[in-house]
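Please look through the following model and its sequence.

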Amino acid sequence: MSSSEATIENRTFDEIAVGDSATLEKRLTMEDIKLFAVMSGDVNPAHVDEEFARSSFFHELIAHGMWGGALISTVLGTKLPGPGTIYLGQTLRFRGPVTLGDQIRITVTATEKDERKGQVVFDCECRNQEDALVLDGEARVLAPKEKVSRPRAVMPTIRMAEQGKLSEMLAAADDPEPMTAAVVHPVDIESIQAVDQAVGRGLIRPILIGPMARMQSAADDAGVDISGFEQVAVRHSHGAAETAVGMAEAGDVGAVIKGGLSTDELLGKLVDPGNGLRTERIPSQVMAFDVPTYPRPLMISDPLVNIHPGLFEKRDIVRNAVELAHALKIHEPRVAMLSSSESIDPKLSSTLDAAAICKMADRGQVAGAVIDGPMAFDAAISAATARARALESPVAGRADVLVAPDLEAASMLVKQLSHLADARGSGLLVGLRVPVVMSGRDDNVPSRLTGIRLAHRYLAYLQHAGRDAMAAAVS
């Protein structure tokens, strides 16, 4: 930045002469349109809905009219007169559309000075790259009397965090009938509200299991009528967990949803080898996220169940995550087996396990995915990092699934993405006979609803896969 660009300086009333002018050029981008829509709340489809815009008068997206008005304000406030200017009035006439890619030149020219009032009138116009007039008008300002020269403020970079691909996948689901779900100890507002919203979206038929008085109190606080929901009375959270597991074991429910009890209390009942929920695989938690800085849904496993998984446990963790990816219609997910680097080191067991899992995949022991590792986190999610390290891999830089070496690493990664990268999503416990939504006590309603959507999609996928297998056997 040059010294002149590093400062912002005005021109006082006495320094301005009729005929003086200042200009600014700006190219319209889609980000400009979206930012203006977010700031103003104007989501007129002519500006933000490409399909609608094609059928509109202009046949393409156009800028908000006041976007040009804001650019005029920029010139008056930063160039002529500059800092200290007070806007008194503005007229605008919209002469033509501003479309994506147009290079707009904004010019303000002093046409009149009122010595008594210290006011200046400016002719304002905006022209595109073809010199066609798209906007004009007249501004009246109170020009500054004193000279101002200040360092130019460095504004923060704005990152557009739009609805991500995971949200789109779940929102666009064409799923079957609502699933019957045991809701365990829903004695908090968030659990009740999430259940109510899930019912409203046709996702679940809930069975609320817990102390009747506490569930009703939570419903009253949440403003939700639960009189139409099936309810099973138990005295405490321990009994609610036992009852829900029993229902799942008997096939009375297709899913379990954690409410306001501790994770360990429910998890202990779910993974108990003595119940009938265990399958040939170990259960594991798969977190599914939209990360604003990543162009695809990102799944991470296992931050909940397996503290120090061995080789075969990691194989099952991979299988569970791949199955959920398939349920989300990611047909051949790219799986990165994480470690501290891409080099195999006999002293670092995570690198040996990663290499073994990859060989299993080569021999068909883990199917339905492209798997590579060991791989550091940055190489797994950054194509630039992978190129810098000359890492040739079909997974590096575009992983769909990250399998951490242990629970600690997975848990820290999940929390870092959630709190520092604004990741949004939820988790699903898979590998049991029913999917389990294991929401944390601090999870908000949208996160809990995402978990229910994941369970609904996963259960639909399993039912569909079962029908396909049966059809193949008959044929």
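**A helix pair, a sheet and the chain**

In this predicted model, residues L311, F312, K314, R315 and V318 of helix α11 are in contact with S350, D353, A356, I357 and M360 of helix α12. Sorted by class, the residues in this contact of α11 with α12 comprise six nonpolar, one polar and three charged.

The geometry of the pair can be described next. Two packed helices are described by the angle between their axes together with the distance between those axes. Helix α11, covering residues 311-327, and helix α12, covering residues 349-362, pack at an angle of about 55 degrees, and their axes lie 10 Å apart. The crossing of α11 and α12 has a right-handed sense.

Elsewhere in the chain, five strands build an open sheet in the order β2-β4-β5-β6-β3, and their pairing is antiparallel. Its edges are formed by β2 (21-27) and β3 (86-94), each of which pairs on one side only, and from one strand to the next the twist averages 20 degrees. Helix α5, made of residues 65-78, packs on this sheet and touches β2, β3, β4, β5 and β6, while its direction makes about 140 degrees with that of β3.

Within the sheet, strand β4 (residues 103-114) pairs with strand β5 (residues 119-127) in the antiparallel sense over nine bridges, and R105 has R127 in β5 as its bridge partner. These two strands, β4 and β5, form a hairpin with four residues between them, and in its turn G118 has a positive phi of about 70 degrees.

Strand β5 is also joined by nine bridges to β6 (residues 133-142), and these two strands run antiparallel. Along this pairing, D123 stands opposite E138 in β6, and the bridge partner of F122 in β6 is A139. The hairpin of β5 and β6 has five residues between its strands, and D131 there takes a positive phi near 65 degrees.

Finally, the chain as a whole can be considered. The protein chain contains 16 helices and 18 strands, and its C-alpha trace spans about 90 × 60 × 50 Å along the principal axes. The radius of gyration of the protein chain is 30 Å, whereas a compact globule of 475 residues would have one near 23 Å.

How values were computed. Residues numbered from 1 in each chain as written. Predicted model: local features only at pLDDT ≥ 70, side-chain atom pairs only at ≥ 80, totals over all residues. Heavy atoms only, no water. Pairing = 2+ DSSP bridges. Axes fitted to C-alpha atoms, helices over the stretch in contact; angles between N-to-C directions. Left-handed = near helix turned anticlockwise from the far one by under 90°. Contact = heavy atoms within 4.5 Å. Nonpolar A, V, L, I, M, F, W, Y, C, P; charged D, E, K, R; others polar. Rg over C-alpha atoms; globule rule 2.2 N^0.38 Å.
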